[in-house]
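This briefing goes with the sequence and structure shown below. It covers the overall layout, the helix contacts, the aromatic pairs and one backbone detail.

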Amino acid sequence: MLTNFFIPELNNHDVQELWFQQDGATCHTVRATIDLLKDTLGDRLISRFGPVNWPPRSCDLTPLDYFLWGYVKSLVYADKPQTLDHLEDNIRHVIADIRPQMLEKVIEN
């Protein structure tokens, strides 16, 4: 997936400011994967064994793990998208509609 989709897709966009955050699952952090991501992203990799280590139980991840992904998923699939284009449009719209104030409330709680 990384070599056939993710990296070619990165090459189609201006990603100089992009940071890639990866969970700590061991299947995602094998040496070959981490080396490939380091070669591609340099020091903009947040991952177990990456240049920026992100602990799996970090309090900073909790709002993402326990709120944001579920919230986004519930809205993205609300109208049961039938095509990839429809799904991608839903993802773009849901993400674009997230306001900083909502995230601040989530973090406060």
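Which pattern does the protein follow when read along the sequence? The pattern is α-β-α-β-α-α-α, and the secondary structure comes to 5 helices and 2 strands. The model is predicted.

**Overall layout**

- The C-alpha trace of the protein spans about 40 × 35 × 25 Å along its principal axes.
- The protein has 109 residues, and 26% of them count as buried.
- Taking contacts between residues at least 6 apart in sequence, 43% join residues at least 24 apart.

**Helix α3 against helix α5**

- Helix α3 covers residues 62-76 and helix α5 covers residues 100-108; their axes come within 10 Å and cross at roughly 140°.
- Angles over 145 degrees would count as roughly antiparallel and 65 to 115 as roughly perpendicular, so at roughly 140° α3 is oblique to α5.
- The crossing of these two helices, α3 and α5, is right-handed.
- On the α3 side the contact is made by P63, F67, L68 and Y71, and on the α5 side by M102, L103, V106 and I107.
- By class, the residues of the contact of α3 with α5 are 8 nonpolar, no polar and no charged.

**Helix α3 against helix α4**

- Helix α4 covers residues 84-96, and its axis comes within 9 Å of that of α3, with a crossing of roughly 130°.
- The helices α3 and α4 are therefore oblique to each other.
- The crossing of α3 and α4 is right-handed.

**Aromatic pairs**

- How many aromatic pairs does a search of the whole structure find? The search finds 2.
- F6 and F20 form a tilted pair, with 4.9 Å centre to centre and 50° between the planes.
- This pair links distant parts of the chain: F6 lies in helix α1 (residues 2-11) and F20 in strand β1 (residues 20-21), 14 residues apart.
- Both F6 and F20 are buried.
- F67 and Y71 form a stacked pair, with 5.2 Å centre to centre and 20° between the planes.
- Helix α3 holds both F67 and Y71, which are 4 residues apart, about one turn of the helix.
- Is F67 buried, exposed or partly exposed? F67 is partly exposed, because its relative accessible area is 27% and the buried class requires under 20%.
- Y71 also counts as partly exposed, because its relative accessibility is 28%.
- F67 and Y71 are also among the α3 residues that make the contact with α5.

**Backbone detail at K80**

- Where is K80 found? K80 is in the loop between α3 and α4.
- The phi of K80 is near 50°, a positive value in a residue other than glycine.
- Most residues other than glycine have a negative phi.
- K80 counts as exposed because its relative accessibility is 59%, and exposed means over 50%.

Notes: Residues numbered from 1 in each chain as written. Predicted model: local features only at pLDDT ≥ 70, side-chain atom pairs only at ≥ 80, totals over all residues. Heavy atoms only, no water. Axes fitted to C-alpha atoms, helices over the stretch in contact; angles between N-to-C directions. Parallel < 35°, antiparallel > 145°, perpendicular 65-115°, else oblique. Left-handed = near helix turned anticlockwise from the far one by under 90°. Contact = heavy atoms within 4.5 Å. Nonpolar A, V, L, I, M, F, W, Y, C, P; charged D, E, K, R; others polar. Phe/Tyr/Trp six-rings, centres within 6.5 Å; stacked < 30°, edge-to-face > 60°. Buried < 20%, exposed > 50% of the residue type's maximum accessible area, 1.4 Å probe, protein only.
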